Amino acid sequence: MGRYWNEKIECMAREDMKRLQSERLVAQVKHVWDNVPYYRKLMEEKGVAPEDIKGLEDLHKLPFLTKADLRDAYPYGLLAKPLADCVRIQSTSGTTGRRVVAFYTQHDLDLWEDCCARAITAAGGTNEDVCQVCYGYGLFTGGPGLNGGSHKVGCLTLPMSSGNTERQIQFMRDLGSTILCCTPSYAAYIGETLHDMGYGPDDIKLKAGIFGAEPWTEEMRHEIERLLGIKAYDIYGLTETSGPGVSFECEEQTGMHINEDHFIAEIIDPDTGEVLPEGSKGELVFTSITKEAFPLLRYRTRDICVLTRKKCSCGRTLVKMSKPMGRSDDMLIIKGVNVFPSQIESVLLKMSNTTPNYQIVVDRVGSVDTFEIKVELSDEMFSDTIRSVEELEKKISSDIQGILGIRAKISLVEPKSIPRSEGKAVRVIDRRKLH
Amino acid sequence: MTVKQLSVFVENRPGRLSAVTGMLGNAGINIRAISIADTKDFGIMRIIVSDAEKAAAVLKENNCLVTVSSVIAVEIDDKPCGMAKVMDTLYKDNISVEYMYAAFLNVSESTACLILRTDSSERAVEALTEAGYRLLSEEEMKKI
Ligand SMILES: [Zn+2]
């Protein structure tokens, strides 16, 4: 087994990839124009016709799609195939507003699973591996996506879904799982539980983990790698764009290679919509170019990141995206300042080997925002004297102020006292929303 | 000679002290000495117990944050100047007391027991022994 799932595509010369993308873009635009009246109307309003899109260089002429469009068009407004040709739906959790429903033909599923197979291969997976998938199954794309990718690679697949952590560890030990797929917060939780059960990295066979579906920091990566004794790889995707596997990390662990034969990535200025040059920080926009049922042209992800074409040591030529520096949906505005939970996480994880469990509590008293960060103390952080605990509190407080420019009240709390969910961690409690 | 002390992080919220001491009681562990240092938001409960190892295990099992350290348990006279004398002994040897508290156990009617944490346990043990003080052992804590 090689290091690539599809070497021809993953290592394709840039010029060839551009040609392939142009060809596929033209066909995708025509497919959308012919079958999606909703988007056709957007194009007409902008005065663009399919003939105007002759290749990659014309991409910027197309109108954007936003999450609001997806909600407006719910459920069938962006569907480009008869329902009879569709075989699956997946959906977002719908925690913010109306849920997003994406449709798939069998061909769409094949391509999606193929993208996940590339990610698993890049993490060192082969048909010799035992792949434990603890993403949620069901409507959430995490479980089905990695499950399908794992099958393609030929791994022995454990479709565990999330939850029942002690059983997860039991299976991991009994069946010798070598690859773990789940959210990073669940990976950290599995790691903690493993240690609580009196085991360590030497008691399991895991070598790699593929973690995504929520933002996480470099520090969290180190923490997971330490707890489980593995290499932790990032994977990216949105339900709207099929699910995980839109981009994936290689052994260099310095960003995620985008599957450019299926998606064209752009970085735009979120305020003006203007396309920014390579290396600029801005909002990530995706255009699908191989979708049948649910093609999205110039979809604004709300994720802020940077694209780079610097040569990668893994040999792949696919463009790399940085870890999203925050999704604008996750951003809190506290006392007028933009706050991303990931910024707070990076401060906390610098305090010795902290267990990354914390919770941001925002409230409003009169017209003033209150900002509290609860932090669970760990063994390494605690010592016998009041003074040392207070010093730690001060250190966190001043580091937070240094990075955010505003003060937060730091409350050190007892271990395991912040409620954990076994899927996604509830990091923010915002009591200001009174509507 | 030193004895083991457990320091437990306790949040300042109703019921925490009752919960923590309850865990020990239910495990058949007797508290021989206790002190609480507190701030607005949290406190550190320091205890000497009949079985330090078991107590630490029970507390950790219940997700408490515990550290174990060594302190000196010294028997002093239960009369005026009993305390002053022992402080003087340490002061003369340039040993500073970081904190201290009284224990519940009295070996005899005329003595009291003091728990001491100094900047140097080794030198404090030496100075106190030389001055004729009796230090209590871990074994003596085990008697409930
Ligand atoms: Zn690479």
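**Figure 1. Leaving out residues up to four places away in sequence, B:Ser69 touches B:Val3, B:Lys4, B:Gln5, B:Ser7 and B:Arg117.** Contact here means heavy atoms within 4.5 Å. Keep in mind that this is a predicted model, in which local features need pLDDT of at least 70 and side-chain atom pairs count only at pLDDT 80 or more, while totals for chains, interfaces and linings use all residues; side-chain values use heavy atoms, with hydrogens and water left out. Residues are numbered from 1 along each chain as its sequence is written, and chains are lettered from A and ligands numbered from 1 in the order in which they are written. B:Ser69 sits in strand E4 (residues 66-77) of chain B; helices (H or I, at least four residues) and strands (E, at least two) are DSSP runs, numbered from the N terminus.

**Figure 2. Four protein residues of chain A hold the zinc ion: A:Cys250 (SG), A:His257 (NE2), A:Cys312 (SG) and A:Cys314 (SG).** These donors lie 2.1 to 2.2 Å from the zinc ion. To count as a donor, an N, O or S atom has to be within 2.8 Å of the metal (3.2 Å for Na, K and Ca); water is not among the atoms, so sites may look incomplete. What arrangement do the 4 donor atoms make around the zinc ion? Their angles run from 103 to 113 degrees, which makes it tetrahedral. The rule for that word is four donors with all angles between 85 and 135 degrees. For reference, the ideal angle for four tetrahedral donors is 109.5 degrees. Along the sequence the donor residues follow the spacing C-x6-H-x54-C-x1-C. A:Cys312 and A:Cys314 are both buried.

**Figure 3. A:Glu10 and A:Arg316 pair up in a salt bridge, N to O at 2.7 Å.** A salt bridge needs a side-chain nitrogen of Lys or Arg within 4 Å of a carboxyl oxygen of Asp or Glu. A:Glu10 belongs to helix H1 (residues 7-10) of chain A and A:Arg316 to the loop between strand E12 (299-308) and strand E13 (320-321), so this pair ties together parts that are 306 residues apart in sequence. Are the two partners buried or exposed? A:Glu10 is buried, at a relative accessible area of 0%, and A:Arg316 counts as buried too, at 4%. Over all chains, the structure holds 35 salt bridges.

**Figure 4. In helix H2 (residues 14-35) of chain A, A:Asp16 and A:Arg19 are 3 residues apart, which puts about one helical turn between them.** The two form a salt bridge, with 2.6 Å between the closest N and O atoms. A:Asp16 is partly exposed, at 35% relative accessibility.

**Figure 5. Chain A brings 18 residues and chain B brings 22 residues to their contact.** About 1,700 Å² is buried between the two chains, and carbon and sulfur atoms give 58% of that area. Buried area is the accessible area (1.4 Å probe) that two parts lose on being put together, summed over both. On the chain A side, A:Phe382, A:Asp384 and A:Glu414 lose the most area to chain B, together 43% of what that side buries. How many salt bridges cross the interface of chain A and chain B? The rule finds 4. A:Glu414 makes a salt bridge with B:Arg16, their closest N and O atoms 2.4 Å apart. Helix H11 (386-404) and strand E18 (409-413) of chain A each supply at least two residues of the side that touches chain B, and the largest share, 4 residues, is from H11(A). A salt-bridge network links A:Asp384 with B:Arg46, B:Glu98 and B:Arg117.

**Figure 6. B:Glu138 is part of helix H5 (residues 138-142) of chain B.** The C-alpha atoms of B:Glu138 and B:Thr2 are 7.2 Å apart, although 136 residues separate them along the chain. Neighbours within four places in sequence aside, B:Glu138 is in contact with B:Thr2, B:Val3, B:Lys4 and B:Ala52.

How values were computed. Four donors count as tetrahedral if all angles lie between 85 and 135 degrees; four count as square planar and six as octahedral if opposite donors are over 155 degrees apart and all others between 65 and 115; anything else is irregular. Buried means under 20% relative accessible area, exposed over 50%, partly exposed in between (1.4 Å probe, protein chains only).
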